[in-house]
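Here are some notes for a colleague opening this structure for the first time. Please keep the sequence and the 3D view side by side as you read.

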Amino acid sequence: MLSTNNIQSLIDSGEGYNVEFKVRVPSKVRELTEEICAFANADGGYLLIGVDDNGQVVDTNLENDKRSVIQGSISEISPALHCELYSVNVGNKTVWVIDVPSGKDKPYIFSGSIYVREGANSQKLRTAEEMRSFFQECNKIFFDHIPCHWFNIYTDADEQMIKDFRTEAKLSPSTPDKQIFENLELFTENGTAKNGAAMFFGKQPERKFPHAVTRCVLFKGTNKVYIIDDKTFGGSLYQQYLQAMSWLESKLQVAYKIEGAGPREEIWEIPLTVFKEAIINALSHRDYYEQGASIMIEMFDNRIVISNPGGLLPVVAKDFGHKSMTRNPLIFGLFTRMHLVERVASGIPRMQEAMREVNLPEPEFHTEGMFTVVFKRQIINSANYDTANGTVNDIVNDTINENEQAILNLLATTPSLNASEISKHINKSLRTTMRYIKTLQDKDLIEFRGAPKNGGYFLKNDSNLK
């Protein structure tokens, strides 16, 4: 039974994969039972009745007859599922808790359907075929839920990743790490961390999961004959997302539009938001059981292709773009808590809309075996913009991104800085800064002079300064 402190901690952490708030019991109690069934088919969780969507305790009272109706509705779940229903005082108000275990006899069926927790929402599987296909493909065991015996989150986790998660999830600084880990259900029943915890918070999870990496390849031309750049990014899944985005930004064409005295506007050849959606989708939904392939980001002269192992689950394929189902609910839930996933099944429509808004072809999707999304490229040049009346004052070299330009400007005023000093000035990690430096060296724009220990970087010319 949860204590008052436990309840307050759950409320502070907000709704998510294992927690659902209800202001009151809905008029149709079956809606509550659907949520309970979804928790049982996932990793268990808590329904807190008497808490609104903003985490405010509003107080509620469940009479005996109402509690009896709830228990009666739960009894309709098959196979039989035992849930605890009890009240807890929080301040001077009452919160009712329905404590749902992770069921031992999945799948659980309510009114002829299976409900499965997906991030902070529940999804309904409507037919027996969908039910069989889903649990057969997932082997009833999600990869991110498997015990990870080599990972101790208290000693092996990346401290910066935990800080980033706290910040992006807007968690109270006073909530202990241990309480957050427990609320996020990062452990199995016997206290062992799950694979998802290791991949999301571990320092170098690729040491044990060598396939759980993101590879970025730049090709010359439109085929795979000549490779210009080839990088493989490991680390936590969130770090892979950041590194992949940084790599793309360093390769994509971008123009800077300045109107009057206002700040300059970045105009990317393809909106960055579509890549954010595609990469998070790949990291969240890929088949981690498939160890012979990794997430791939391939850039050609005419297109960018992002692919991940594992085609669509059958239930999603039938309603593509409108229904979502993940192979990795723990990982998906953690990305959701960081607000990198807005709504279930909304990623595909958002990518399509973002491309339409800038008059680009909608992305192409291929869903068999590998899930692949293809973005067609365009060429940015000054002819794209109306320069009449001086409304556009500057279109910079489209082969240099903003961070590389910042390094060029920095070295123009402060030459001989080393990589560590440059990283502090541009507020990027040393690893990311080194990638920018390598790109600028490859473009023959900067060079290193002096001894390895005390030398620094210098401009080779000033033709790219703005």
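1. Start with the cover over helix α1. The elements that cover the buried residues of α1 include strands β1 (19–22), β2 (45–49), β3 (84–90) and β4 (93–100), along with helices α7 (177–183) and α12 (329–337). Keep in mind that this is a predicted model.

2. Now look at α1 itself, which spans residues 4–13. Its buried residues are Ile-7, Ser-9, Leu-10, Ile-11 and Ser-13.

3. Step back to the whole chain. It has 466 residues, and 55% of them are buried. The secondary structure consists of 16 helices and 16 strands. Take the contacts between residues at least 6 apart in sequence: 67% of these join residues at least 24 apart.

4. The chain's accessible surface is about 21400 Å². Carbon and sulfur atoms account for 46% of that.

5. Next, a helix pair. Helix α10 covers residues 272–285 and helix α13 covers residues 347–357; their axes come within 9 Å and cross at roughly 160°. An angle over 145 degrees counts as roughly antiparallel, so α10 is roughly antiparallel to α13. The crossing of the two, α10 and α13, is left-handed.

6. Which residues in α10 and α13 meet? From α10 come Thr-273, Val-274, Glu-277 and Ala-278. From α13 come Gly-347, Arg-350, Met-351, Ala-354 and Met-355. By type, the residues of this contact split into 5 nonpolar, 2 polar and 2 charged.

Methods. Residues numbered from 1 in each chain as written. Predicted model: local features only at pLDDT ≥ 70, side-chain atom pairs only at ≥ 80, totals over all residues. Heavy atoms only, no water. Axes fitted to C-alpha atoms, helices over the stretch in contact; angles between N-to-C directions. Helix = DSSP H or I, 4+ residues; strand = E, 2+ residues; numbered from the N terminus. Parallel < 35°, antiparallel > 145°, perpendicular 65-115°, else oblique. Left-handed = near helix turned anticlockwise from the far one by under 90°. Contact = heavy atoms within 4.5 Å. Nonpolar A, V, L, I, M, F, W, Y, C, P; charged D, E, K, R; others polar. Buried < 20%, exposed > 50% of the residue type's maximum accessible area, 1.4 Å probe, protein only. Areas by Shrake-Rupley, 256 points an atom, 1.4 Å probe, with all protein chains shown as cover.
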